[in-house]
Amino acid sequence: MDWALPPNYSTFGVVIDQLFWIILVITGIAFLLVEGGILWFCIKYRGREGARAHYTHGSNKVEIIWTVIPAIIIAILGVYSAAVWQDIKGASNRPADALEFLVVGKQFEWNITYPGMDRTLGTGDDFTVLNQFHFPVNEDITILLESEDVIHSFFIPELRVKQDAVPGMTIPVWFDATQTGNFEIACAELCGLGHYYMMASVTVHSAADFDAWQASRATATAQ
Amino acid sequence: MATIVAEATGQAILHEEHEQSFLRKYIFSTDHKVIAIQFLIYTLFFLMIGGLLAMLMRYQIAWPARGELPLGGIFPETMVASGYILPEFYNALVTMHGSVMVFLAIMPMLVGVWANYLIPLQLGTHDMAFPRLNMLSFWAMVPAGILTLASFFVLGGAAGAGWTLYAPLSARPDLTGVGLGQVLWLVALVFIGLSSILGSVNYITTTINMRAPGMTWMRMPLTIWSLFITAILALLAMPVLSAAGIMLIFDQTIGTSFFLPEGGGQPLLWQHLFWFFGHPEVYILILPAMGFTSEILSVGSRKPVFGYTAMVLALVSIAFLGFIVWGHHMFQSGMNPTLGLAFTVSTLFIAVPSAIKTFNWMGTMWRGNLQLHSAMLFAIGFVAMFAIGGLSGVFMASTPVDIYIHDTYFIVAHIHYVLFGGSLFALFGAIYFWYPKMFGRLMNETMGKIHFWLTFILFNVVFFPMHGVGMVGMMRRIYDSTGYAHLQGIEDTNALITWAAFGLFASGFLFAFNFFWSLKKGKKAGANPWNATTLEWQTPSPPKHGNWEEIPVVYHGPHEYSHPDVEDKDWLAQNERPDVVSPAAGSH
């Protein structure tokens, strides 16, 4: 049993994981206070013959205290979350010169269109590969995510990336992998009978390897 | 004016009493208490069905390649083939477990049972404002239940697009393989909407107009407050779901394209409509549970509810905020990320009233004289489990973290801590607590305590590890997780969860046995077995048709326990005058 986040290999993943642990500590403390308090009260104030409870309707002072303290913690968390979210997802933070790929989900496969050697989508040297996503490390990657039929969700756990693919929409998603390696795209949104096997392999190459791989694919496709 | 209406209705009902046939008295009854019991039997049955669907699902998750399921002949070969659950059946299980539990078990058990039973009794009136509408609200649930069960046996099986019914999957039979089953479920949903709307009109009208003399707003028990606010939520949210459901039926059957992009529709429109209903629905499913818990904790601690006014204000603000947080289900949906910012803030702020309620429940227990009977144990269990569900909600409210945990088992863990650890724990508590009023006998305490401890322990063994499985990254609604590299190593946890789930399901039968056994063999309850103050306990158990010989008069708030000036006993009923019981108390 290994209950942990998988190792992170993306630039955004660092802050996401950090925020996860911050929240875990805050909620962990609240958890201990509440559950400990309940347990302690159950033992300390358990009913005794002839005992009489303390008569009170409450206290405005403590109401204010336990309203204001959570509100402050929540406000800080909210502002910080919003800032991180804006950094990751904000349209203004979309990398300008990212390498672009087109990813189209359909029952039950991922079609990945590569920009080819000219590094531009929509030109003659583009090629499409089924269920294999290769891209270079340490480079801004943007995928244009589409779906042909139903809603799918593009999920690469190790890169902390997840985005629904919605038919009729083209949704840009960007990320930057920090290490080479082999991962998987999983579909995270119920999409029909084959939802559970809608996966694709992900290979993060060094820049040189990626160019070599693309060149070999391009020739293979051209023949 | 309220009094006049109440008396007029009361006389009419008392007058009818002699002429009732068996059919009018027990089947097509307009008596709110009989309707509540009808709802109770109905919802307990569907609770069992929903549980059964979950067991089949858990079997598949733990042992995806095993087969050997002895379901010979119950389901068609296209669903279960030679002992193997097929993916189409698994999707139906996922969908219908959620749908049945939310719409046919928990929601009508919270509202249909207890709003019906408690509103007239705790407010001190003879019946609901519209008894016939009330009867209709139960009978609208009957076709819903029949259609739901039938849908498992039609060609293509039951609905399989998830309980959230995301279009286009739910709208295109060619993409799911499910045709009629999906339509049947949507028709059932329209009936459920009708039932809920009719019920809500009744609960709201009764609460506003038919309170006993002296029952001012701020003297109402918190149960009534929570059920009243819930009825308002249901009245505003259910029509949205019904309308959206009818639009979806049209997309499926007559070729419209509300949610289909190829005809100019928009899949995200479905999600906005569904969650505009769906998030208030989440609070419909928890507010009544909060009400029961407040009530039972106060009685069981022999103390007034700590911070009654704060509790009412927290309920109202949860209800209000509940309408402006729906987008938090859609952070990764393709909705404009800037909208996500607004929904993060509103969502996190709903944590504040939830925290206020939790602290006030603890305040109620503080320096109490705790009577740890089954009902009280479940109420305390509610606070303990709801706290976990609330805290795990902070993770997904924080949008960046949600990117990772969205659509994983972390979410499954969260929803079950709120819906099972929350709503269902409170419902078990409510049944143990008000059963003696309903049937005149107490449920067996020993069985009740065993039931509590089994439920409490096994519930946590089932659902706590799901947080871990979700952290690993296991996606929801996955028929077989073993093919994924990142999901290697969670098989043992999944098997453990499944074994515990079987135990949890089995413990439900102990409860069912206790329920039926106690009808005949339970200890006689008397009018007020818990020494409680609210009005329902000041009339015989079970109350007669019409509830009261004479409408009670209310002199003070609902939770006067351990008042220092009242001697000989530690409670003062709402219709007892303090200066009569104890002259010294008159000065308050």
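Reply: Phe155(A) stands opposite Lys162(A) in strand 7 of chain A. This is a predicted model, in which local features need pLDDT of at least 70 and side-chain atom pairs count only at pLDDT 80 or more, while totals for chains, interfaces and linings use all residues. Residues are numbered from 1 along each chain as its sequence is written, and chains are lettered from A and ligands numbered from 1 in the order in which they are written.

Me: What makes strand 6 of chain A and strand 7 of chain A a pair?

Reply: Strands (E, at least two residues) and helices (H or I, at least four) are DSSP runs, numbered from the N terminus. Two strands pair if DSSP finds at least two bridges between them. Five bridges join strand 6 of chain A to strand 7 of chain A, and the two run antiparallel.

Me: Why do strand 4 and strand 7 of chain A stand at the edges?

Reply: The open sheet of five strands has the order 4-10-9-6-7 in chain A, with mixed pairing. Strand 4 (132-136) and strand 7 each have a single partner strand, so one side of each is left without a neighbour in the sheet.

Me: Why are helix 8 of chain B and helix 9 of chain B called roughly antiparallel?

Reply: Angles run from 0 to 180 degrees between N-to-C directions, with axes fitted to C-alpha atoms over the stretch in contact for helices. Angles under 35 degrees count as roughly parallel, over 145 as roughly antiparallel, 65 to 115 as roughly perpendicular and the rest as oblique. Helix 8 (residues 180-209) and helix 9 (residues 222-253) of chain B pack at about 155°, with their axes 8 Å apart; the two helices are therefore roughly antiparallel.
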